[in-house]
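Work through the exercises below with the model open. Try each task before you read its solution.

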Amino acid sequence: MESRVDHNRISGCTLPDRTELQERTLKTEQDIIVGEKCRIDYGLSGKDVVVCEFSRINGSIVAAGDARIDNWCEVSGDVIVDEDAYLGEGVKILGKLVVRGDLDIGDNVQIERGFEAKGWISIRNPMPVIIYIVMYLVAILGIEREDELSSVLEKIFGDDEAPAATPLMIPGGSVLDMQTFSVPDRMVIGSGCRLHGNIRAASIVVREDTTLFGSISLREDGSIARGSVIHGDLQSEGDLRVEEGVHILGNVSCRRLTLHEDARIDGVIRAPGGLKIERGSA
């Protein structure tokens, strides 16, 4: 089957439940998928970690499962992998590589501080990450037609919902540094997350009991679920919904605002399109 799937499938950013941006590491209990041409100024820690081509990770990568780093990526820290590792052509690791399973390594790979691999070592160019993902889905789901595959990918990469097993997905072209968490499209943050930095996205859904130490700036609509705390401003060119028990320590600016009576906003509210107060449980 010829695949016409491209990296644009990963168009939205999803952070699963209980994701934490610690001092130098973005940590999750789920898999991590990083789109192409991203720059992330901290490390990654998850189950399987997949990084698409031409991305730069300015930190270490720790994978409890496999790690697959695509062509011409650069990692400034160590890469620690509990199972198998796949390094594409031209990958550069400025730290040390430790692989407790097999190592599949491409041409022109540089590892500045050496490597340890307890399993087999194969020197060849692993298949590109996106092709690997497609073949993986075809194998486990028994998909035979391309339209079926497109439907599945749309559900996985394009849905606003974030079920518990959804991987942490960062779309191509994203820039994540210590001050700004900027993604080109929509963003969904799961429940119980704890994050630092100012978020810039097209739209956002923040689920229950999440804490953000920073501001949110949107081009479209957004919603903040009950119990969440935003230590900064909330700004949008679209509409906003703020649910029960939310605490926003800064200003709120948007077109129209739907605000629960038990939410708290410490700063100034600007909503030229109107303010609607909700009462009772949602």
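The model is predicted.

**Exercise 1.** Find the edge strands of the open sheet of 12 strands.

*Solution.* Start with the strand order. It runs E17-E14-E11-E8-E5-E21-E22-E25-E28-E31-E34-E37. The pairing in this sheet is mixed. Now look for strands that pair on one side only. These are strand E17 (110-111) and strand E37 (269-270).

**Exercise 2.** In which sense do strands E21 and E22 pair, and over how many bridges?

*Solution.* Locate the two strands. E21 covers residues 175-176, and E22 covers residues 180-182. Their pairing is antiparallel, over 2 bridges. Next, pick out one residue of the pair. Val175 stands opposite Ser182 in E22.

**Exercise 3.** Is Arg18 buried, partly exposed or exposed?

*Solution.* First place the residue. Arg18 is in the loop between strand E1 (13-15) and strand E2 (20-21). Then check the backbone. Its phi is near 65°, a positive value, and Arg18 is not a glycine. Most residues other than glycine have a negative phi. Last, take the accessibility. Arg18 has 45% relative accessibility.

**Exercise 4.** Where is Asn108, and why does it count as exposed?

*Solution.* Find the loop between strand E16 (103-105) and E17. Asn108 is found there. E17 is also an edge strand of the sheet in Exercise 1. Asn108 is not a glycine, yet its phi is positive, about 60°. Now apply the cut-off: exposed means over 50% relative accessible area. Asn108 has 55%, so it is exposed.

How values were computed. Residues are numbered from 1 along each chain as its sequence is written. This is a predicted model: local features need pLDDT of at least 70, side-chain atom pairs count only at pLDDT 80 or more; totals for chains, interfaces and linings use all residues. Side-chain values use heavy atoms; hydrogens and water are left out. Two strands pair if DSSP finds at least two bridges between them. Helices (H or I, at least four residues) and strands (E, at least two) are DSSP runs, numbered from the N terminus. Buried means under 20% relative accessible area, exposed over 50%, partly exposed in between (1.4 Å probe, protein chains only).
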